[in-house]
Amino acid sequence: MAFAAAAGSSSSGKQFEFEEATVDAIHQGFKNGSLTSTALVQFYLDQIARLNPLLHAVIEVNPDAVAQAERADAERSASGGRCAVGLHGIPVLLKDNIATRDRLNTTAGSLALLGSVVRRDAGVVTRLRRAGAVILGKANPSEWSNFRPVNSGWSARGGQTLNPYVLSASPCGSSAGPGVAAAANMAAVTLGSETDGSILCPSSRNSVVGIKPTVGLTSRSGVIPIMPLQDTIGPMCRTVSDAVHLLDAIVGYDEFDAEATGAASKYIPQGGYTQFLRIHGLRGKRIGVPDVFFHGYDGVQMAVYEKHLDTMRQQGAVVVKDLDIATNLTDLDDQESLLMNAEFKLSINAYLSDLLHSPVRSLAEVIAFNEAHPVEERLKDFGQPDLIAAEKTNGIGTRERAAIQRLKEISTNGLEKLVKEHQLDAIVAANSDASSVLAVGGYPGIAVPAGYDKQGVPFAICFGGLRGYEPRLIEIAYAFEQATKVRRPPTFKS
């Protein structure tokens with residue numbers, strides 16, 4: 001904390017509080033002279049140096065981060081502070097499947113892609129650079145050895161990511177690195193990706209806000225793919241407000257992901273998303289509670305969820321309980337898995353073949369690399385069954401087209417029908433329990449801290465809706481967050 005006081009002091013005598021600093025507080029610090037981007041970046045680099053040997057949340061720091069911060073400071077000074085808006089001068093940590101055309105690696109945590117060279121920044125990174133954000137580094141994913149989300153939070157390059165609240169608890173999902181880094185104040189804001197649960201689950205387990213946007217709202221170009229029908233890029237931050245600031249910076253059309261971003265750009269509201277950070281955002285909202293998303297929790301946790309539903313009512317929402325989403329989740333999972341195998345092989349081969357340089361050029365070569373490096377890739381512990389299953393597929397054939405059609409039917413007759421019949425603004429679920437239903441329809445969801453169990457492990461509440469429902473989900477999530485104020489800093493229990 002001594003560093004925080006020193007770095008945050010200024011000629012005006014003001015001091016900046018770095019711990020739990022929000023984007024709004026950072027901009028206020030820029031404006032009143034108590035903070036510079038350079039001091040902020042140095043604080044986070046020091047945090048990473050101090051905490052990462054324990055948490056393994058960050059896989060690589062950007063050697064140019066301080067230079068980018070110094071440039072942001074100079075730009076702000078030259079403009080008389082007028083550019084101190086949005087994410088200008090704000091350090092952003094990226095999940096290590098989001099490509100950067102700089103001195104950072106892009107590997108999805110795999111040794112097989114160490115040293116690979118991308119053609120260009122990912123679409124979301126291009127937008128971040130235009131906004132003047134500082135690229136702080138890459139967060140540890142757990143994606144590559146087995147492309148389904150790995151609950152262990154392990155990657156070959158980054159090691160084992162730990163939960164900062166209870167070190168023995170799973171951090172959950174392939175975006176565990178960004179979630180843990182945000183929770184432990186190792187970055188101002190972080191960016192993750194989700195195919196099914198990879199933002200919502202680690203956000204739930206690490207007491208941060210995660211936004212899984214409508215598929216196509218944010219560009220997937222330059223992001224190592226899993227399943228383009230479901231892949232989406234979204235914020236993982238300590239507050240709803242911070243997540244929405246980051247979302248505003250990354251949404252929009254990208255010619256390198258033209259079909260998806262073109263279709264979803266119609267959902268982007270004039271004036272962006274921060275206008276929906278409304279303290280009374282729950283007022284008049286109709287929120288549905290499907291029973292299936294609250295199974296298997298103990299009485300203590302269920303009592304907390306019931307209390308939260310009461311809070312929503314007190315804030316003016318209409319809570320519609322005991323709903324049946326009419327979805328066969330086993331059928332959904334089977335169809336999703338079948339389609340994921342085929343989509344992954346096609347999309348990863350396309351990604352690898354497009355790299356300017358890469359040690360591997362195909363999924364088959366990735367599998368061979370892992371077999372040649374069994375210790376480093378921990379094949380004894382994890383194997384690579386999904387990679388092998390994907391390699392055996394032969395594109396989108398009759399079975400895959402049938403799976404696409406079936407998933408459309410599941411979405412139409414499930415969540416879409418439920419929302420329309422009951423005129424809902426959102427559904428609510430425990431943790432990431434609705435992730436598969438949201439994933440297969442390309443629907444958005446926002447996870448917000450809801451409490452801590454008897455061991456101190458965080459749990460969350462998730463608000464989901466139909467494509468383009470981000471404005472009303474943000475209103476609901478922000479009003480809920482402000483009414484409950486659940487989040488507290490990590491405890492690092494063993």
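Modeller: The torsion about the S-S bond of cysteine 172 and cysteine 201 is about 95°, so that disulfide is right-handed. A disulfide here is a pair of cysteine sulfur atoms within 2.5 Å. Keep in mind that this is a predicted model, where local features need pLDDT of at least 70 and side-chain atom pairs count only at pLDDT 80 or more, while totals for chains, interfaces and linings use all residues. Residues are numbered from 1 along each chain as its sequence is written, and side-chain values use heavy atoms, leaving out hydrogens and water.

Biologist: How far apart are the sulfur atoms of cysteine 172 and cysteine 201?

Modeller: They sit 1.8 Å apart. The pair links distant parts of the chain, 29 residues apart: cysteine 172 is in the loop between β5 (159-160) and α6 (176-183), and cysteine 201 is in helix α7 (residues 200-205). Helices (H or I, at least four residues) and strands (E, at least two) are DSSP runs, numbered from the N terminus.

Biologist: Is cysteine 172 buried or exposed?

Modeller: Cysteine 172 is buried, at 6% relative accessibility. Cysteine 201 is buried too, at 14%. Buried means under 20% relative accessible area, exposed over 50%, and partly exposed in between (1.4 Å probe, protein chains only).

Biologist: How many disulfides does the structure hold?

Modeller: One.
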